[in-house]
Amino acid sequence: MIALLLATLTQSLTLIPLALGINLSYTLLRATDMTIDGSFVLGAGVFAQLVTMGISPYIAFLAALACGAIAGAFTAFLQNGGKVDPLLAGILTSFILYSVNMAIMGRPNINLLSTPTLFSAAFAHSLTLGWLSVALLIGLLVVAFYALLQSRLGLCLRAFGDNAMLLSRQGYNVTTLRFTGFGLNNLLAAASGAITAQIIGYADIGMGVGMTLIGIGAIVLGQHLILPFVKKHYLRAGSELLAAFIGIALYFFILNGLLRFNINPIYLKLLLGVLLALFLRTATQKASLT
Amino acid sequence: MTPLLQFENITLRHPSLERPILLDINYSVQKGDCVVVLGANGSGKSSLLKLLDGRYRTNAGKIILKNKNILSLSARARAHCIHTLTQNAQDNLFLNLTIFENYQLIQKRNKADTIDSLADYLYSFNPNLATKLDVLVARLSGGEQQALALALAVLYPPEILLLDEHTSALDPKTAEHLMALTARIIHERHITALLTTHNVNHALAYGDRILALKEGLVHDCIERNDKQNLTAEMLMARCY
């Protein structure tokens with residue numbers, strides 16, 4: 001059981017920035033941004049390619065974040081002026097990113113096991129220190145994200161998701177907000193990709209498949225469990241973050257649990273997909289009842 | 001005196017409609033006027049207001065606001081000059097934000113109002129609002145939502161307040177109360193208002209002037225002095 005919990009904790013940790021990004025797009029901007037499937041790999045690929053070229057892992061990490069933000073900005077650009085539907089814009093960018101990621105990486109898989117990364121020195125010292133350094137970086141991202149949610153920009157992003165037309169009539173520049181929102185959520189997905197690549201020891205072209213769906217399912221599940229108990233709206237931002245963490249942790253708990261029951265990996269996505277569908281259906285039913 | 005607002009030969013067409021929505025409209029509004037726009041459904045009342053707040057663009061003619069073509073104003077400048085309230089709460093407020101968050105979005109950056117002063121301010125519009133600052137707007141009643149929308153609309157009084165049948169989705173008692181409140185506020189604060197309604201009693205009671213539209217054309221203009229001699233039946237006969 002402890003091994004199951006530890007596996008759940010470590011796997012969830014690397015996907016927390018992704019969950020924050022999906023929280024931003026799905027809960028605040030109210031858009032299903034499929035770009036995340038591509039920007040997750042983009043972050044991993046850019047980081048892996050740069051560090052294997054001998055560039056500092058810190059610079060490589062910042063470059064990965066910037067590339068993620070650019071991918072998100074491209075999705076926002078496609079949507080601008082109502083030209084392309086947000087869902088379609090995300091799918092289109094993700095489709096384009098497959099080639100971009102392949103071009104950046106040069107091959108489908110880059111091994112990072114013998115390359116210095118942000119955490120390699122800490123992990124070489126001890127496993128505990130390694131995980132602490134990962135937790136520290138993710139903690140910083142969480143704090144920065146929470147500060148954003150509590151700021152005026154966070155409020156504007158929430159208002160954008162609620163009613164972009166009204167926000168525009170109140171004199172706000174909704175184009176800037178769209179670029180900011182989609183840029184930030186893909187920056188976080190790229191951060192998650194870069195961190196995951198360092199933890200698992202490689203960047204792979206297929207590592208982002210289904211990430212958006214996993215993230216949305218996890219967030220819906222987490223919100224389904226947490227938000228009914230939150231009565232005060234000033235606690236909303238914090239409880240949404242907590243819901244994202246709990247959702248991701250539960251997803252990995254179930255995934256690891258299934259693996260321990262020796263489920264044939266061929267059926268793993270089928271089972272997880274059915275579970276996600278059940279979560280989404282029950283959450284939608286409850287929402288319509290309330 | 002130079003009018004605050006002038007419609008000059010305004011024409012509005014839609015490609016799918018044979019008849020223009022508005023045709024050759026000429027009308028001017030003085031500062032502080034409360035102009036009631038009357039007309040049957042489809043006469044162009046709401047479209048006239050949508051031209052002002054930027055949701056529609058004219059095909060011909062000019063709208064002059066304070067000696068400037070309204071098209072030359074930036075979205076931000078226009079938002080500061082013109083505020084619209086419609087019958088739909090989602091056109092006026094962010095339903096999934098709290099009352100306080102809705103207030104924060106229109107609050108000027110350099111103005112550090114406290115929650116207490118907001119509660120006092122909202123109390124004068126609807127006492128229930130003062131105790132619900134942390135409640136989602138979607139959970140308020142229709143009357144509370146419209147009272148909140150009015151309160152926020154006049155927090156920084158706009159040059160022109162557009163009221164597009166803003167009481168029509170409310171029950172008669174609440175609608176009457178909100179209409180009286182609206183009239184009091186716009187007169188006290190000298191706000192220029194354009195109000196569309198189907199209620200001829202409201203038009204007579206609260207409007208300074210009446211503009212009647214029929215099939216996109218100006219059908220009748222009733223000035224302050226003429227209005228005093230009219231009954232609701234006479235107005236109905238003249239405008240519909």
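B:Arg209 is buried, with a relative accessible area of 10% (buried means under 20% relative accessible area, exposed over 50%, partly exposed in between, with a 1.4 Å probe and protein chains only). This is a predicted model, where local features need pLDDT of at least 70 and side-chain atom pairs count only at pLDDT 80 or more, while totals for chains, interfaces and linings use all residues. Residues are numbered from 1 along each chain as its sequence is written, chains are lettered from A and ligands numbered from 1 in the order in which they are written, and side-chain values use heavy atoms, leaving out hydrogens and water.

So what does B:Arg209 hold on to? One partner is B:Asp33, with the closest N and O atoms 2.9 Å apart in a salt bridge (a side-chain nitrogen of Lys or Arg within 4 Å of a carboxyl oxygen of Asp or Glu). That pair links distant parts of the chain: B:Arg209 sits in strand 9 and B:Asp33 in the loop between strand 2 and strand 3 of chain B, 176 residues apart. Strands (E, at least two residues) and helices (H or I, at least four) are DSSP runs, numbered from the N terminus.

B:Glu223 also forms a salt bridge with B:Arg209, again with the closest N and O atoms 2.9 Å apart. B:Glu223 is in the loop between strand 10 and helix 9 of chain B, so this pair ties together parts that are 14 residues apart in sequence.

Now take a look at helix 7 of chain B. Its 17 residues should span 24 Å at 1.5 Å a residue, and the end C-alpha atoms are 24 Å apart, which agrees (the expected span is 1.5 Å times one less than the number of residues). Its buried residues include B:Leu178, B:Met179 and B:Ile185.

Finally, where do the two chains meet? Here 23 residues of chain B are in contact with 18 residues of chain A (contact means heavy atoms within 4.5 Å). Between them the chains bury about 1,900 Å², 51% of it on carbon and sulfur atoms; buried area is the accessible area (1.4 Å probe) that two parts lose on being put together, summed over both. On chain B, the residues losing the most area are B:Phe94, B:Leu105 and B:Asp134, together 31% of what that side buries. The count of salt bridges between the chains is one, and in it the side chains of A:Arg236 and B:Glu101 meet at 2.6 Å, N to O.
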